[in-house]
Amino acid sequence: LVIIIPFTIDMIQNLGLTILQVMNKYGFRAKMYFFAAAINIVSTIILSYFFAGFGAALSTGLTMFFTSGLILNWYYAKKIKLDIVLFWKNIFDIFLKLLPLIIVSFMINYLLNLKWCIVFFVLKIVIYTVLYGVVAYFFAMNEYERNVITRFLNKMMKSAKGEHR
């Protein structure tokens with residue numbers, strides 16, 4: 001979790017990387033990660049000595065949080081002029097709307113506590129994905145996003161029926 005949570009920040013703002021590439025400002029990110037890697041090596045050695053594997057994970061997680069979470073967001077806001085505050089406000093709003101589904105899913109998974117079975121595991125993934133899509137469609141997406149999904153599904157249905165333009 002100490003690695004996955006900070007990495008989630010990086011994954012959420014992946015579109016920012018495309019903007020950096022288009023604006024030919026990707027070099028800042030490359031230099032930042034080069035220095036972050038050097039700092040991460042040193043801090044991993046130190047924290048691993050005291051906390052073993054958890055120390056290594058903590059070092060990487062903290063490095064990712066500071067680079068992707070703080071420095072890149074500062075760069076996006078100040079140098080690229082993106083409205084990062086609004087971006088993260090929207091992300092937080094979506095997260096809050098999807099949080100009940102996440103909590104219910106964890107509770108069901110905990111209560112069912114079935115032995116490992118690949119079929120059941122795949123079934124849970126499919127059910128969660130469908131529920132996530134439905135909840136996201138009705139509660140987290142804006143009208144434009146819902147229209148894109150609806151058009152896509154309509155094209156898929158026409159294609160499945162053999163209707164071609």
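Here is a walk through the fold, from its overall outline down to a few single residues.

This is a predicted model, in which local features need pLDDT of at least 70 and side-chain atom pairs count only at pLDDT 80 or more, while totals for chains, interfaces and linings use all residues. Residues are numbered from 1 along each chain as its sequence is written, and side-chain values use heavy atoms, with hydrogens and water left out.

Let's start with the big picture. The protein has six helices and zero strands, where helices (H or I, at least four residues) and strands (E, at least two) are DSSP runs numbered from the N terminus. Going along the sequence, that reads α-α-α-α-α-α. The radius of gyration is 21 Å, well over the 15 Å that the globule rule gives for 165 residues, so the protein is more spread out than a compact globule. That radius is taken over C-alpha atoms, and the rule is 2.2 Å times the number of residues to the power 0.38.

Now for burial and surface. Of the 165 residues, 21% count as buried; buried means under 20% relative accessible area, exposed over 50%, and partly exposed in between (1.4 Å probe, protein chains only). The protein exposes about 12,500 Å², with carbon and sulfur atoms supplying 74% of it. Those areas come from the Shrake-Rupley method with a 1.4 Å probe, and for residues only the protein chains shown count as cover. As for contacts (heavy atoms within 4.5 Å), residues 24 or more positions apart account for 64% of those with a separation of 6 or more.

Next, the inside. In soluble globular proteins, nonpolar side chains tend to be buried together. Here the largest nonpolar core has eight residues: L17, L20, M32, L72, Y75, Y76, I80 and I84. Such a core is a set of buried Ala, Val, Leu, Ile, Met, Phe, Trp, Tyr and Cys residues joined through side-chain atoms within 4.5 Å. Helices α2 (14-22) and α3 (26-78) are the elements that give two or more residues to this core, and α3 brings the largest share, four residues. Take L17 as a way in: leaving aside neighbours within four places in sequence, L17 is in contact with Y26, R29 and Y76. Apart from this core lies another one, of five residues, including L98, L101, A136 and A140.

Two residues are worth a look for their backbone. Most residues other than glycine have a negative phi. N24, in the loop between α2 and α3, has a positive phi near 60°, and N24 is exposed, with a relative accessible area of 71%. A52 has a positive phi too, about 55°, but A52 lies in helix α3 and counts as partly exposed at 48% relative accessibility.

Finally, go to the start of the chain. I3 is found in the segment before α1 (4-12) and is partly exposed, with a relative accessible area of 35%. Not counting residues up to four places away in sequence, I3 touches A57, T60, G61 and M64. S105, in helix α4 (residues 84-112), is 102 residues from I3 in sequence and 22 Å away in space, C-alpha to C-alpha.
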